[in-house]
Amino acid sequence: MKGKVPGNAYGKQQEERSGFNMRCPYCQFDDSKVIDTSHDSHGGIRRRRECLKCGQRFSSLERPILSTPLIVKADGAREEFNREKLERGVRIACAKRPVSAADIDRLLGQVETGLQKMGKAEVSSRVVGDMVIKSLKELDQIAYIRYAIVYLRLDDLQSLRNEINRLLAG
Ligand SMILES: [Zn+2]
């Protein structure tokens, strides 16, 4: 059966609840009837649809994805989270230290996942720096100090000594 079919009202209701119209990939008509709905193991919703114009069947898949918030820099500019850029800084701090590539990869993964779990649209770059520095502290104290010199701007020996004393005391 093609064109208007009974059950259309049901399909319509589903569309409105899911908040979008699904365009037919065959004829581009932007109304379809939902004929079956199922859930996949990733929390996604798969809808089997039938185009109300050409009658072709197709499926749509709606799946939640974790997105990484935008990073707000000190000057207020926004930028995409850049794992490679972060990795460069961490690698430099870990140069010639007994820190494996897998360790660095895990650290970066933890930071990225941590940011995603916050569920925020934007996060200050300080938050990212704080996460890196906290993880580095547990990983390797020399790498931590190297990173801290840049990140915490430990630009004189006194503040560097204070930080080292804190580490030795802790
Ligand atoms: Zn169609």
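Mentor: Two strands pair if DSSP finds at least two bridges between them. Helices (H or I, at least four residues) and strands (E, at least two) are themselves DSSP runs, numbered from the N terminus. This is a predicted model, in which local features need pLDDT of at least 70 and side-chain atom pairs count only at pLDDT 80 or more, while totals for chains, interfaces and linings use all residues. Residues are numbered from 1 along each chain as its sequence is written.

Trainee: How many helices and strands are there in the protein chain?

Mentor: The protein chain holds six helices and six strands. Read from the N terminus, the order of its elements is α-β-β-β-β-β-α-α-β-α-α-α.

Trainee: How many bridges join strand S2 to strand S3?

Mentor: Strands of a sheet pair through backbone hydrogen bonds, either parallel or antiparallel. Here S2 (residues 45-51) and S3 (residues 57-62) run antiparallel and are joined by six bridges. Within S3, Phe58 stands opposite Arg49. Five residues lie between the two strands of this hairpin, and Gly55 has a positive phi near 80°.

Trainee: What is the order of the strands in the open sheet?

Mentor: The order in this sheet of three strands is S5-S4-S6, and the pairing is mixed. Strand S5 (78-79) and strand S6 (122-124) are the edge strands, each pairing on one side only. Three bridges join S4 (residues 70-72) to S6 in the parallel sense; Leu70 has Glu122 of S6 as its bridge partner. Helix H4 (residues 125-139) packs on the sheet and touches S4 and S6, and its direction makes about 65° with that of S6. For such angles, axes are lines fitted to C-alpha atoms, for helices over the stretch in contact, and the values run from 0 to 180 degrees between N-to-C directions.

Trainee: At what angle do helices H3 and H4 pack?

Mentor: H3 (residues 101-117) and H4 pack at about 145°, with their axes 10 Å apart. Asp103, Leu107, Gln110, Val111, Gly114 and Leu115 of H3 meet Val128, Met131, Val132, Ser135 and Leu139 of H4. Residues are in contact if their C-beta atoms, placed from the backbone, lie within 7 Å. This contact comprises seven nonpolar, three polar and one charged residue (Ala, Val, Leu, Ile, Met, Phe, Trp, Tyr, Cys and Pro count as nonpolar, Asp, Glu, Lys and Arg as charged, and the others, Gly among them, as polar).

Trainee: How are helices H5 and H6 packed?

Mentor: H5 (residues 141-151) and H6 (residues 157-169) make an angle of about 150°, and their axes are 11 Å apart. The two helices are therefore roughly antiparallel to each other (over 145 degrees; under 35 is roughly parallel, 65 to 115 roughly perpendicular and the rest oblique). Gln141, Ile145, Ala148 and Ile149 of H5 make the contact with Leu160, Glu163, Ile164 and Leu167 of H6. Six of these residues are nonpolar, one is polar and one is charged.

Trainee: Is Gln28 buried or exposed?

Mentor: A residue is buried if 20 or more other C-beta atoms, placed from the backbone, lie within 10 Å of its own, exposed if 12 or fewer, and partly exposed in between. Gln28 counts as exposed because it has 10 C-beta neighbours inside 10 Å. Gln28 is in the loop between helix H1 (8-18) and strand S1 (32-39), and its phi is positive, near 70°, although the residue is not glycine. Of the 170 residues in the protein chain, 16% are buried.

Technical notes:
Two residues are in contact if their C-beta atoms, placed from the backbone, lie within 7 Å.
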